[in-house]
Amino acid sequence: MREGTMDALLVVEDIHKRYGKEEVLKGVSFQLRKGETKVIIGPSGTGKSTLLRCINRLTEPDRGRVWLEGVEVTSRKVDINRIRAQIGFVFQDFNLFTHLTALGNVRLGPMRVLGMRKEEATKLAQEELARVGLADKADAFPAQLSGGQQQRVSIARALAMNPKLILFDEPTSALDPELIGEVLEVMIQLAKDGMTMIVVTHEMGFARSVADEIIFMEKGVIVEQGPPAQLFSAPKHPRTAEFLSKITELYGGTEE
Amino acid sequence: MTGFYFEWSFLPKLAQGLLLTVEITAACIAFGFVLGVLLALGRVYGGRLISIPCGIYIHFFRGTPLLTQLFIVYFGLPNWGIQLSAFLSGVLALGLNTAAYQAEYFRGAIQAVKRGQMMAARALGMSRVQAIFHVILPQAFRIVIPSWSNELILMLKYSSIVYSIALLDLMGMGKRIAARNFNYFEVFVVVALFYLVLVLALSQSLRWLERRVRVPGLGAPGLR
Amino acid sequence: MEFFLKLGQVGHHLPMLMRASLVNLELLGALLVIGFLIGTLVALLQVYGGRVLSTVAFVYEWIFRSIPALVLLFLFYYGPSHFGIDVQAFLAASLALGFRSSAYQSQIFRGAIQAIPSGQMVAARALGMSRLSAIRHVILPQAFRLAIPGWSNEYSSVVKDTTLAYAVTLNEIMRYAKTIMDRQYDLAMATFIVVALVFLVFTYSGNALLGLVERRFRIPGLQMPGATGAIL
């Protein structure tokens, strides 16, 4: 491990991933400090989601390494399930367990992975559901919830595991516009509470107001990264400027 | 292990049995096909007067064991003065049975043909019968191929039941040889292999047939 | 009509016939349980096993689906004696029909497992669940619910197949019916009609029961995509 990364929660080093003939990630590296919120933006299909999935090895990188608090995630010898239990993941398609109620979804991880007793896990699940504003929907099945509600349950599910960081893979892209707000609200509160987060998103308003650092990726590489103020007002790279102006036009992005 | 006692002289006899099996299967499937289509048409297009008896028939023959049906035909009919040969009894019982299953498959296929097809045919001036014959059935027959193939293979295996009325099909012949030579294990391993090969050959041929008659855009809903 | 007279005569035998039918039901229970346990295992191996295991599982399925039930019954009943082991009719029939059913049930379960969106497994793994744990807590609970209609079909099929055990001297209902007929030939039709009706009752009540089970365990939003039409 390199110098100066001692205080980093997450270190991602030189990730490469190829699908067939196409190389989707061409050597991506960055670090994440505790409590930091990083937002990754960029045109579709540039490997942003793949990058996230490489971090907890839901997708295996071809090359490159990842460390979580000094433990090498990418090593063959590591117990990947233990690692994944420490990293929360929120999917674009929610992926709630269809056969379980909201409560069931949130307490499954604590019960079956963390070994909590049912009563403890249930109490914890109820707290997390309340935290995302869905205490009254505990007994509803996913099919009975709106998209925004499902995504919030999905966040509660990740939170119940008491993760060291949470990865958000385009959490609002599959939502109807009027439901996006409720999810972003939860995420903003999480950031305020000090949760370490990496968010892949198109929501520029969110990026601008919440991110500690923004990473702009295109064609499998990081083009530019820096604090929002810098990127939005004085981008160093022409592509960054181009992309941001197009997006800001399209999404009208000021506040959420 | 006490050795494998199987004489090559058994093979021609088994082949004879195989031939009878194929004959019986072909005959009952053909019978079942014709009756099945009629029953299906009756269920879909017949008024209450026709569709209800058809329904009762189908429920009876699908809800009761094949062996029972076979014995009803072979042992029961004589009670009513009808005496049929073992071969005819076998074909009839199997045929009546498969007709009920095929009827349900055809019914599903007919109902899977898009509504608009019948409307378009009638709009051209075709009578109902013409429309069924020239527009609906040709499509339904393509849609039904997977289910029908399944049924054919199923009947091939179930035809073995006729051994119980002393017919010397593959199963009956096998039992006879085994009983005479006390080598049940060996004979039936070979009989099993015969059936395996037969089933394999049949499934491959049916798959070829399906590809031959395939029409783009026409398939059962849910089929890839 | 004369026929109803005959039916009346058969009525005297009804208690014994019903007692014999219990054997069919016992066989049904045994073979369904064997079929369920092995079928689930085979399906899991086909979907999640590596190349070797899944190939073995597929070959197993093919063999037990392609060999007629009667041939299997004979192999399991007479076969062991070739190796010096004596096998009782009930055990032989349960194993033969059980393994056969496992091949059909594995197909049903495999279809159900594959109908579950892949995101479910991914989400479970993302939580840190092992594959086995995910299969147990996320996949199977959904797969079994999805499999109920197809399983109903299998039930209807095998309840009638229990009569085939007649061929290996099991004292089930058809064997008893035949003895009635052997004693009084003119009762043949009536007797077998009664047997047929008994099976109609077994089939329909079984299906009704399974329908209740399906409703009891139904979850909104959990269903097979598109048309079903489970065919055996």
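**View 1. Area buried between chain C and chain A.** In this predicted model, chain C and chain A bury about 1,900 Å² between them, and carbon and sulfur atoms give 67% of that area. On the side of chain C, the residues that lose the most area to chain A are C:Ala126, C:Leu127 and C:Pro220, which together make up 30% of what that side buries. Counted by contact, 21 residues of chain C meet 23 residues of chain A.

**View 2. Polar contacts and salt bridges across the interface.** Between chain C and chain A, the rule finds 8 residue pairs in polar contact, both residues of each pair being at pLDDT 80 or more, whereas the number of salt bridges found across this interface is 0.

**View 3. Elements of chain C that touch chain A.** Two or more residues of the side of chain C that touches chain A come from each of α5 (118-126) and α6 (131-161) of chain C, and the largest share, 7 residues, is given by α5(C). By class, the residues on this side of chain C comprise 11 nonpolar, 8 polar and 2 charged.

**View 4. The second largest pocket.** The second largest pocket holds about 280 Å³ of space, and among the 17 residues that line this pocket, those closest to its centre are A:Leu96 and A:Thr98 together with C:Pro117, C:Gln120 and C:Gly221. The lining of the second largest pocket divides by class into 9 nonpolar, 7 polar and 1 charged residues.

Methods
Residues are numbered from 1 along each chain as its sequence is written. Chains are lettered from A and ligands numbered from 1 in the order in which they are written. This is a predicted model: local features need pLDDT of at least 70, side-chain atom pairs count only at pLDDT 80 or more; totals for chains, interfaces and linings use all residues. Side-chain values use heavy atoms; hydrogens and water are left out. Contact means heavy atoms within 4.5 Å. Buried area is the accessible area (1.4 Å probe) that two parts lose on being put together, summed over both. A salt bridge is a side-chain nitrogen of Lys or Arg within 4 Å of a carboxyl oxygen of Asp or Glu. A polar contact is a pair of N or O atoms within 3.5 Å; within protein, one must be able to donate a hydrogen and the other to accept it, and residues adjacent in sequence count only if both atoms are side-chain atoms. Helices (H or I, at least four residues) and strands (E, at least two) are DSSP runs, numbered from the N terminus. Ala, Val, Leu, Ile, Met, Phe, Trp, Tyr, Cys and Pro count as nonpolar, Asp, Glu, Lys and Arg as charged, and the others, Gly among them, as polar. On a 1 Å grid over the protein atoms alone, a cavity is a set of points where a 1.4 Å probe fits but cannot get out, and a pocket is an open set with protein on both sides within 12 Å along at least five of seven lines; lining residues have an atom within 4 Å of a point. Grid points are joined across faces, edges and corners, and a volume is the space filled by probe spheres set on the points.
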